[in-house]
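Here are my notes on the model you sent over. Have it open on screen while you read.

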Amino acid sequence: MDEVTLYHWEPNANSGKPMLALMEKGVPFVSRYTDMLLFDQHKPEYLAINPQGTIPAMTHNGLVLTESTAIMEYVNDRFDGPDLMPADAQDSWRVRWWMKFMDQWLGPSFSMIGWSVFVGPMVRQRDPAELDAAIERIPLPERRVAWRKAISGAFSETEMAESRRRVGLGIAKLEEELGKRPYVGSDQYTLADINIFNSTYSLPLSQPDLAGKDKTPNIMRWLKRVYARDAVKKTWAMGKTDLASRYGLIMAEIEE
Amino acid sequence: MSAVLYHGEPNGASLTVLAALAESGVTIECRHIDLLAGERHALSGVTESIALDLGIEGEGPVLMVDGEAMTESVFLAQYFDEAAGGAGLQPADAYARWEMMMWCRQITERLSPAAALLGNMANAQDAIAAIPADAFGALASSIVSDDLRERWQDLHDGKIDAAQIADSEAKVAAAVERCEKQLADGRDWLMGSFSIADLVTYSWLAGMQTLQAAAFADASHTQAWLARVAARPSVQAALAKATVPEPLRAWAPGPEINRWG
């Protein structure tokens, strides 16, 4: 009997990827909600699972897996259920290319903006001494820097401008891509859709100047198609913060 | 299907892809292009260009299949392996595959940008700085990606960032340490059986042996492993495509240094 446990935060960005991949494959898993805003991922009990202190992480029959996109690939390779990678080698290449583009070029910019408007302000309300101690417990030095910047709102204007440039360009490129094919990189729903959906599902709300029915009709058609999936509905129902409630608002807008 | 692999000198990303092609047994026409002359940004017949325009790897090879420009060396290696119906470059076991992809990502995210920075400073900066202003302007304007163009511009301007150099040296040393630890149990190849991880790691590390010799001084396992990879017929075949005497000293602007550290 397979024992799968997933340590995750909200169905959003990185945590949402393996949640959705497991749900699509129909793999039962134990959900361990790990509250990023309470720094659960840097506490000793979690560091015993993933010493890097990053979420998500997954355990499967004693094996530990980290890095959201790599976990999704493992889930797809290892379990029965619908294949979330295309059969054609060139389509597979395209799916991987888009995931890297999101994970390493566009995603960090989305999250810089997300942290500055959402995570930073939420965390900042807490006791500074307690926050400082929490940051000191973060194992990866670059994550310590990122958290300090997010909490103090210290992303420089140059950094924010570059992130905004990337988000604008990335959305335009995604719009172009979805004008060529029904899904990202291929004609079927794959890991690339899961990956990119997790960072773009709220675009019509978070970036109304860049995305919406008039500006990005292809993205909106694709979002609607992905929102309609059972696995997406079930996964988003696992959310506990306002992030998940944005789902309902967008559904309402799409249905109009 | 019409396919052509456009590649630079066999080093870094071009070396990975040329060697993977040879390992896979797939037959594809290979055409050498002069990366430092900007030829990668002047390819004809591109109908799908996003991967060429916005690829993360910098001046890596481009596989053109029916007008679609395909980039990123690890994914091209996987493509050859899969197009061959499984040439053994990726482990069959799902967990071993996950380990390989994690390893490759560490290399391409940390070692590749560091090695490219050091390699370019040592071996390409003079050539890029010597491009006359007019010609450089034309070359720069043919580069679609703002961030890649900026890396070219920095080399052209002779910009030196001491903190970035120190960070890159530390990342090369860390990659050697990682290899040394991985090979400590006496295994021949990084993942146990030979895989894309060996090719991608070799491709970025081999050129560092001359530039960062101290990092390899106490790394006997890594040195022996580098020699094993170098001796593979696929790597020899890739290196034989060089048009310069020392391809491991041939560099062109690479991936950007991770913006979040």
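1. Ground rules. This is a predicted model, so to speak: local features need pLDDT of at least 70, side-chain atom pairs count only at pLDDT 80 or more, and totals for chains, interfaces and linings use all residues. Residues are numbered from 1 along each chain as its sequence is written, while chains are lettered from A and ligands numbered from 1 in the order in which they are written.

2. Chain A overall. Chain A has 12 helices and 4 strands (DSSP runs numbered from the N terminus: H or I of at least four residues for helices, E of at least two for strands). A compact globule of 256 residues would have a radius of gyration near 18 Å, and chain A agrees, at 18 Å (taken over C-alpha atoms; the rule is 2.2 Å times the number of residues to the power 0.38). The C-alpha trace of chain A spans about 50 × 50 × 30 Å along its principal axes.

3. Burial in chain A. Of its 256 residues, 43% count as buried (20 or more other C-beta atoms within 10 Å of a residue's own; exposed is 12 or fewer, partly exposed is in between, and C-beta atoms are placed from the backbone).

4. The sheet in chain B. Four strands make an open, mixed sheet in the order S2-S1-S3-S4 (a pair needs at least two DSSP bridges). Strands S2 (29-32) and S4 (68-70) of chain B are at the edges with a single partner strand each, so one side of each has no neighbour in the sheet. From one strand to the next, the twist averages 25° (axes are lines fitted to C-alpha atoms, for helices over the stretch in contact; angles run from 0 to 180 degrees between N-to-C directions).

5. One pairing up close. Strands S1 (residues 3-7) and S3 (residues 62-65) of chain B run antiparallel, joined by 4 bridges. Look for B:Tyr6, which stands opposite B:Val62.

6. Helix H8 of chain B. Which residues of H8(B) are buried? They are B:Ser168, B:Lys171, B:Val172, B:Ala175, B:Val176, B:Cys179 and B:Leu183. These cover an arc of only 135° around the axis, so they sit on the same side of H8(B) (the arc is that of the directions from helix axis to C-beta atoms). The face turned away carries exposed B:Ala162, B:Ala163, B:Ala166 and B:Lys181.
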